[in-house]
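This report goes through one protein model, part by part.

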Amino acid sequence: MDRIPSVDLKDFVSNDPDRKQKFIAEIGKAYEEIGFVALKGHFLDDELVDRLYSEVKKFFSLPVDVKRGYEIPGIGGQRGYVSFGKESAKGKKEGDLKEFWHFGQYVEDDEERKKEYPDNVTVSELPEFNKVGKETYQMLEKTAKYVLRALALHLDLEEKYFDNYIHNGNSILRPIHYPPILEEPNNAVRAAAHGDINLITLLMGAQGRGLQVQRHDGEWIDAIAEPDELMINVGDMLSRHTNNKLKSTIHRVVNPPRELWGTSRYSIPFFMHPISEMKLDVLDSCVDEDNPKRYNDITAGEFLNERLVELGLIKK
């Protein structure tokens, strides 16, 4: 496979059973073979996307000392600002060449769940920043819900199997700024090769070159979306839950050619996480003689904490 397959969510939400089944088959095949799809027909409109990028660029243009005022100690970077070079890929000591922001869940119907998460951080200099972040978060969460419903059917589960696990889940919207490269990077790239922690990731901003996906034969291919597409990939939690039937694929963001070092890159992934008590135990339907159980039982919360330690965002 030399390119990322494209699917249209409108097929799944149509009232046509044949179109719905076509979507399930296409996304299931793509996630078993390469772990990525480009998705049309999502719930983001162009105006919302334009507003979000405008606010994100304004935020990252603020003075460094202002941005650092929104870096909240003691929460592992789960809300607010994370400064340049702080995060590194698992097993890599060099920090990635990026800075980013985290919007988290907006719990409105469960006081106990609300206490579990840090509060979202309000940027006082930009009155529209938090508003547009919340709108985008909720539209991406809605899109992810339907993708997971399709995957549940592909896995022979009940269609709404994931719904209760993702309602008020620990999902994160992460606007990322890869600043201009001012000097020869010392073995550092914009985002080193990694797999995502969560169930699925919905990525805005994959229209230009930079994002690369590693095929199962080890070759890297460019993952470039059309302007109206999101790039959506399987995360380690879902891969683990399905005993690697659905593939969490290693990917990276490479540095641009030297002539483009002076340019910024922005991308905005939405990391769909379940609630912390979801059991990621391997599904019985994904185990057979040829595919024995590969993973120990663990909850989503335990797995997330392990990975945040490995990423250097939480200290042991």
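## Helix α3

At the start of α3, the backbone nitrogen of E47 has a side-chain oxygen of D45 within 3.1 Å. The model is predicted: local features need pLDDT of at least 70, side-chain atom pairs count only at pLDDT 80 or more, and totals for chains, interfaces and linings use all residues. Residues are numbered from 1 along each chain as its sequence is written, and side-chain values use heavy atoms, with hydrogens and water left out.

Helix α3 covers residues 46–60, 15 residues in total. From first C-alpha to last it reaches 21 Å, close to the 21 Å expected at 1.5 Å a residue; the expected span is 1.5 Å times one less than the number of residues. Helices (H or I, at least four residues) and strands (E, at least two) are DSSP runs, numbered from the N terminus. The buried residues of α3 are L48, V49, L52, Y53, E55, V56, F59 and F60. Buried stands for under 20% relative accessible area, exposed for over 50%, and partly exposed for values in between, with a 1.4 Å probe and protein chains only.

## Aromatic pairs and charges over rings

The whole structure holds 15 aromatic pairs. Rings of Phe, Tyr and Trp (its six-membered ring) pair if their centres lie within 6.5 Å; planes under 30 degrees apart count as stacked, over 60 as edge-to-face and the rest as tilted. F59 and F129 form a stacked pair, with 5.3 Å centre to centre and 25° between the planes. F59 lies in helix α3 and F129 in helix α6 (residues 129–154), so the pair ties together parts that are 70 residues apart in sequence. F59 and F129 are both buried. A cluster linked by ring pairs is made up of F59, F60, Y70, Y81, W101, F103 and F129.

Charged side chains also sit over rings; the criterion is NZ of Lys or CZ of Arg within 6 Å of the ring centre and within 35 degrees of the ring normal. The charged end of K20 is over the ring of F12, 5.0 Å from its centre. For R252, the charged end is over the ring of W220, 3.8 Å from its centre.

## Nonpolar cores

A nonpolar core is a set of buried Ala, Val, Leu, Ile, Met, Phe, Trp, Tyr and Cys residues joined through side-chain atoms within 4.5 Å. The largest has 68 residues, of which F59, W101 and I200 touch the most other members. Helix α6 gives the most to this core, with 11 residues. A second, separate core has 16 residues, including A38, F100, V213 and V253.

Contact is taken as heavy atoms within 4.5 Å. Neighbours within four places in sequence left aside, W101 is in contact with F59, F60, Y70, G80, Y81, V121, V123, F129, L173, R174 and P175.

D196 lies in the loop between β7 (191–194) and β8 (200–204). It counts as buried, at 6% relative accessibility. Its C-alpha atom is separated by 5.9 Å from that of D236, 40 residues apart along the chain. Beyond four places in sequence, the contacts of D196 are T201, N233, G235, D236, S248, H251, F271 and R307.

The side chain of D196 makes a polar contact of 3.4 Å with that of H194, and one of 3.3 Å with that of H251. A polar contact is a pair of N or O atoms within 3.5 Å; within protein, one must be able to donate a hydrogen and the other to accept it, and residues adjacent in sequence count only if both atoms are side-chain atoms.

R240 lies in helix α8 (residues 236–241) and is buried at 14% relative accessibility. Leaving aside neighbours within four places in sequence, R240 is in contact with L280, V282, Y295, N296, I298 and F303.

## Positive phi in two loops

D156 is not a glycine, yet has a positive phi of about 65°. This residue is in the loop between α6 and α7 (163–166) and counts as exposed, at 72% relative accessibility. N168, also not a glycine, has a positive phi of about 60°. N168 is in the loop between α7 and β5 (172–173) and counts as buried, at 7% relative accessibility.

## Overall make-up

The protein has nine helices and 13 strands. Of its 316 residues, 53% count as buried. Among contacts with a separation of 6 or more, 78% are between residues 24 or more positions apart.
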